[in-house]
Amino acid sequence: MAARTGNDPATDVRSTILTAAETCFERFGITKTTMEDVARAADMSRATVYRYFSDRESLIIESVARRARKNMKPARAFIAKWPTIEERLVEGICNNVESGLRDPMVHLLVSPSEMTLANSLLTTSGKAVELTSELWEPILRDAQEAGDIRADVDLALLCEWISELEIMCISQLNGGTGSLERFREKLRAFLVPSLLPAGN
């Protein structure tokens, strides 16, 4: 039985269910995992699992969000150590891609067998963009206010683009095509110049 710790029983149960779900995703694959599998792995009834998550898709989305938010603090610290907005963008995005490649859940989601489901869930739900915005929008807003990014740049749209770039790169690298260094070169050549104020 999964260990249950913490002060908030509801949060504790959700965490237990998510951990059990991730174990099942790794064991059976995301598309083949059923809510019955998750309930069994969590040592709970299906009714209890359904009380907290309406379906497998909501489990997947919350799992991705939980893992991404766990990485927010180290990601912010990594980005902050770079002296210029150009370096923060390029190295920060590449660091997020590397983190995604190391994460077993993300690795599963971008595998060829799961990619259709992942694209549908993360894009349709808006969760990928939401998580990208949580990390990047405060950093980009500060840069914009400091005059390091054009004042007319739509930061919400930029976060959406960064999200798409990261998912695309993780998928390509996971599939064995492309290289992170080549991706880095493209960011320097196309993303960065599109954001800098005139004369920079």
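This is a predicted model: local features need pLDDT of at least 70, side-chain atom pairs count only at pLDDT 80 or more; totals for chains, interfaces and linings use all residues.
1. The axes of H4 and helix H9 (residues 127–145) come within 11 Å of each other, with a crossing angle of roughly 15°. Angles under 35 degrees count as roughly parallel, so H4 and H9 are roughly parallel to each other. The crossing of these two helices, H4 and H9, is right-handed.

2. Helix H4 covers residues 56–70, which is 15 residues. From its first C-alpha to its last, H4 reaches 21 Å, close to the 21 Å expected at 1.5 Å a residue. Which residues of H4 are buried? They are Arg 56, Leu 59, Ile 60, Ile 61, Ser 63, Val 64, Ala 65 and Arg 67.

3. Now for the aromatic side chains. The count comes to one aromatic pair. The rings of Phe 78 and Trp 82 have their centres 6.0 Å apart and their planes at 65°, so this pair is edge-to-face. Trp 82 has a relative accessible area of 23%, making this residue partly exposed.

4. There is also a contact between a charge and a ring to look at on your screen. Arg 14 places its charged end over the ring of Phe 53, at 4.5 Å from the ring's centre.

5. Finally, the chain as a whole. How many helices and strands does the chain have? There are eleven helices and zero strands, and from the N terminus on the elements run α-α-α-α-α-α-α-α-α-α-α. Of the 200 residues in the chain, 44% are buried.

Terms used:
Residues are numbered from 1 along each chain as its sequence is written. Side-chain values use heavy atoms; hydrogens and water are left out. Helices (H or I, at least four residues) and strands (E, at least two) are DSSP runs, numbered from the N terminus. The expected span of a helix is 1.5 Å times one less than its number of residues. Buried means under 20% relative accessible area, exposed over 50%, partly exposed in between (1.4 Å probe, protein chains only). Rings of Phe, Tyr and Trp (its six-membered ring) pair if their centres lie within 6.5 Å; planes under 30 degrees apart count as stacked, over 60 as edge-to-face and the rest as tilted. A charge sits over a ring if NZ of Lys or CZ of Arg is within 6 Å of the ring centre and within 35 degrees of the ring normal. Axes are lines fitted to C-alpha atoms, for helices over the stretch in contact, and angles run from 0 to 180 degrees between N-to-C directions. Angles under 35 degrees count as roughly parallel, over 145 as roughly antiparallel, 65 to 115 as roughly perpendicular and the rest as oblique. A crossing is left-handed if the near helix is turned anticlockwise from the far one by less than a right angle, and right-handed if clockwise.
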